[in-house]
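Work through the two exercises below with the sequence and the structure open beside you. Try each task before reading its solution.

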Amino acid sequence: MRAQLTTLAAASAATILLAACGSGEEGGGSAASGERAGEGTGDSCTIEAPVPIGAVLSLTGAAASYGESQQKGLELAAEELAEKEGVTYELTIEDDQTDPRQGITLFDEFVTSDVSLIIGPTLSNAAVQADPIAQEAGVPVLGISNTAAGVTEIGDYIHRNSLTESAVIPQTIAKATEEYGLEKVVVMYSNDDAFTESGFEAFSGALEDEGVEVAEEITFSKADTDFRALLTQAKESQPDALVVSALIEAAIPLVTQARELGIDVPIIGGNGFNNPRLMADAGDAAEGVVVGAAWNSSSDNPENQAFLEAFEAKYDAQPDQFAAQAYTGLKLVDEAVRSGCSADREAIKEALGGLENVPTVLGEFSIDENRDAVHPAVVQVVQDGKFTVLE
Amino acid sequence: MLLEYATPLTFVALGAIFAYSFYAVLIAGQLSLGQAGFASVAAFSAAALAPGREEVGEVPALLIAVAIGMTVGALAAVVLGLPTMHLRGVFLAIATLGFAEAVRVVLLNSEWTGGAQGLAVPRILTLGMAWTALAVVAYWFWRMGRSRYGRALEAIREDELAARSMGIDVGRHRLAAFVTAGAVAGLYGVLFAYYVRLIAPNDFDFAAAVEGLVTAVVGGSTMFLGPLLGSGFQTMVPEIQRAVGVEAGWIRPFLASLLLLVVILFLPGGLASLLPRRTRMPASSGKDDEDGDGRSHLATRRHPGAGETVAALTALGKEYGGVHAVRNIDLEVRAGEVVGLIGPNGAGKTTLVNMISGLVPPSSGGATVLGVTIGRTPVHKVASAGVSRTFQHSKLFNRLSALENVLVGGHLVSRPTFLRRLLWLPSARRDEQAALEQAARCLRRVGLADSAGIRASALSYGDQRRLEIARALASDPSLLILDEPAAGMNHVEAAKLSTLIRSLAADGLTILFIEHNVGMVLETCTRVVVLNFGEVIASGTPEEIAADPAVIEAYLGTEDDEPVTGSIAEGTLADPTGGDPDDVAPDAVINVHPGAAGTLDPPDTTPRNAT
Amino acid sequence: MQQLLNGIFIGSIYALFAIGFTLVFGILDRLNLAHPAVFAASAFVGIELVERGGLSLWAALPIVFVFGAVLGLVIERLAFRPLKGRADAHFAGLISSIALAGMLIAVLQWRYGPDTRRFPPGSFPDTRFGVGGAQVTLVQVVILAVSLALMVGLTYMVTRSRLGRGMRAVAENPTAARVLGVNVDRITAVTFAISSALGAVAGVLFAINVNTAQLGMGSAIELKGLAVIIVGGMGSLPGALIGGLVLGLAEVFAVQYIGSSWRDVIAFGLLFVILLLRPQGLLGARKVREV
């Protein structure tokens, strides 16, 4: 029954078959583990059976826009990997509908369907809920957008390639303070979202370290789009900058309305702002927005340039950070599989944990002893409708 | 096989428990969206207060958490319920929704809940535990279904006013239903928390509440298995879509919504309506079991002795925005009397009986009915003093069977059985049996014994009127008020009704009835009161009234219903059995239910405890 | 001053949205929970008209109005009419409209993707005024004017026109209205059309005002809309306007004086207090129960 289900799922359009023909005969249970070891190392590694990989993304519901970006990133990476000899991947992308129950169910299904590794889920809260299932079953997980503290503490099978807010924000605040001589700021954040709330905490800590006074903390809801009352309130404190922890949906109207109300001070944001839509939708209002982020979209490293080009060619749009991290994620998985030339769960787990100085879209990438990502973060500022690095 | 689907099956159980918290109030006709709030407070309180599994072990930790959660949920329901129980329909829904949203915002802003990042909770719940909890909850509602309490809730759902008039304390019952919902929602919150490992206030938002409501309604909110079916449906739809290979993305929510729409449009009553429903019939062990065995399980009532004052009205008046519907009425009704209230449309008859039965408070004057003071006494108290009534426009409990309608009518004289039914105590069974027999007797008395299993709304008009009378009789009243019981009946039916009323009076029942069929009134009543423009213009024996020139001028003169006038002038008085003999034969064949003729005619021998 | 204006502008959008709810509720005694989906759908359609169709906003608005009206008819036909006369119509109507809203949002995601969108820059003149030291954009003035005009027009229509009399008759007593020769089905359908058309206009104006349109924009305003109709009084048009403004101002001043975290608690607290003290709302009439 299970094998049948897998076959059906593999036949669905959401499934990308990287092998010319999915063998579909990897039965349930532990039997598969042994077959997934191959010969050779790195580029010469050859594994007979396709390597099944599951991805749990939020393709519908509140987080659909991130999930969709991630889907694009993963599919692009999968396409590129398919052209490489030796190892074939069978990537199944599933939708958790931004619902914890679906996330848990999907992890459960992937674990029993014997995937080598699970990518995702999109949201940190979902990761805290679902990752323990993989941990208990001994299935490695690679988070590609989980930034909350404690996700990798769930266990030694849980990894992520997404820098936490606390790895990005102190640098951002330090740079901005230096650049704009910040003394007094207003902090605004949506307090009903785990990502933005933890971003706020990181901002608070960093501001305190830099000795910047917080004149006021203003909260809103992630579904809010009219910020005029809040901005009017913020304006009264006459801050040197607005520090905002928000997702892109809120960032665009917030930035537009701030400028409209005559707030011309810099607006400082975190990972949530690192999205080309900011410039596309907020237009001129986005000028001067400072964004601390895990991915330097304007980086000229060859991997990044190739990624930007390939992404534009395939989707006719610019990628955002979610796409970049997702793309990098699958590439890192390939790296890990090839380094040990085995798609065993244990082998992948070992190899992922040992990744060091891998050249990626995100820069030189390593996994540290806590299974968190280590790579350069970047502070960008919007200039002439483009992100440029704030030096 | 089962273990492979452990996760979805656990969510089926959890979803069903949450849906039961909606079912708990939907069954009483209340639409509440506050359950997500109850679940939220309960889950967070339990997670924060319950001891860890290291201290007491897994199962005790969960049980303690459940106890805390259900208590907190129930308390929250009391706090919210007390001020909001007077709200109805959408108003209640929005008020409770406002509460749930406020809870969510407060929890988001609280330190101890971890805000949006949530509170970590150990996973203790297993598939078996979830289904055990579900079984307990389902059992609760199953046993509630056919208890006196369960019937009262259904009656409130179908027609609140009629339920009140049957002596049901609607406020208390609604609050009880609400608190049950709070406790069940609390249970859900805790179980959910102890399964998903991390709870955030947003897990209990508006969308969650709506989903709970959808689950309950899709499953069916009138049948205890409904929530389970609904949850199975809602949980399995995504599973099936995945299994069938529907592409992940927009098409899945689209299909799920479409399916939901189809179910709701084409299955009135939800998925549960697909299940065959057993209609309950009285066990007809003894055809006429008036041997006292059955009655001993019913509460007995002390009826006023013949000639004692049943109702005393002094200068009673009612004014609606300057219009005097009723003014200055002095009237005394004594036990054993059959008082007919006649008068042209708009004369204030219904307003008067509404005041007597406690539905409408008088604006001047006062009245005492069976020892209670009208105006300050809630309707159900008036009813429990021994007043029972029918309504001008039938107010039956439409989705209940005829028998169930009458069972609700017997609310006041039957005993509460729910808690004893939970424990399967034989005494509950005996009490239910007694109530059933009593209801069956009342149905037989009005000639509806064969229609016991038929939904009230499916009965013919005349049968509905008779069912209302049976329902009113079931409470063993001292004063029976009938508001136009013969409206829409033909001669034969009216004559039978007249016979029935007189036989009831013969048993010592005091009857006050409004009727337009003057002939019938004159032949049935011992006394007739004529109202016009809110005032009594005449009162006396039928003979006196028929001869009263004031009545003829003020009332009969304006009446253009020729046959009525005719019947007074000639036949009816002389022939108290009613109607033209020529008309009776053909009508009887066509209009009377088979068997009904035989049961309605003989005077009922049910002993009444008249003292 | 700025805050006062902020409150008035946001309040007038709440009002425009809430009128749709309140009209349908007044006639049918039912909540149409597909209304928020219409709000979102029309914003996306409006954007497409301006962006792809190259229409000016002024040309797009009437088209969106009609689009909304058609959606309203569809909603009435699919989600409400089939339930007529059913004993559980009250709950079933909620669920069927939720289901329809789910389908509508799914179709939107199919057509437009899950990303946020906005009206192209320059589709509306970027004029700003200074009023007593406060900043006001032309869009906001237009929103206020359109809301007021629609409100006044609608009130006039309901009180004076034949259609309006029909609507009131149906609201009062559908059975009696039918007996008196009012085409109840037609009146109901027209009410849905008008209500959705207003929701559609509200959606477009809202999207311009905040410079973003999202799939979830309707659900974000849904709760506010419910609060407005309760505060203003179910079924009352001027009540919806007043309720919208009261809510808008309450929110703004909650931010100013109490703290932004408690803004939504204020909104729902207000709702709660109104329900307890004056269940019929500020301007609603208490329905007398018939026995």
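**Exercise 1: a charged patch**

In this predicted model, helix α6 of chain C, residues 162-172, supplies the largest share of a positive patch, namely 3 residues. Find which residues gather in this patch of positive charge on the surface, and decide whether C:R168 is buried, partly exposed or exposed.

Solution. Begin with the members of the patch, which are C:R162, C:R165, C:R168 and C:R186. Next, place C:R168 in the fold, where it belongs to helix α6 of chain C. Finally, compare its accessibility with the cut-offs: buried means under 20% and exposed means over 50%, and because C:R168 has a relative accessibility of 40%, it counts as partly exposed.

**Exercise 2: a disulfide**

Determine how many disulfides there are over all chains, which cysteines form a disulfide in chain A, and which parts of chain A the pair ties together.

Solution. Start from the cut-off, which asks for two cysteine sulfur atoms within 2.5 Å. By this rule the count over all chains is 1 disulfide. The sulfur atoms of A:C45 and A:C341 are 2.0 Å apart, and these two residues form a disulfide. Then locate the partners: A:C45 sits in the loop between α2 (31-35) and β2 (51-57) of chain A, while A:C341 sits in the loop between α12 (321-340) and α13 (345-353) of chain A, so the pair ties together parts that are 296 residues apart in sequence. As a further step, consider the torsion about the S-S bond of A:C45 and A:C341, which is about 85°, so the disulfide is right-handed.

Notes
Residues numbered from 1 in each chain as written. Chains lettered and ligands numbered in written order. Predicted model: local features only at pLDDT ≥ 70, side-chain atom pairs only at ≥ 80, totals over all residues. Heavy atoms only, no water. Patch = residues over 30% accessible without salt bridge, like charges linked within 9 Å, V, L, I, M, F, W, Y side chains within 5 Å. Areas by Shrake-Rupley, 256 points an atom, 1.4 Å probe, with all protein chains shown as cover. Salt bridge = Lys/Arg side-chain N within 4 Å of Asp/Glu carboxyl O. Lys, Arg positive; Asp, Glu negative; His and termini not counted. Charge placed at Lys NZ, Arg CZ, Asp CG, Glu CD. Helix = DSSP H or I, 4+ residues; strand = E, 2+ residues; numbered from the N terminus. Buried < 20%, exposed > 50% of the residue type's maximum accessible area, 1.4 Å probe, protein only.
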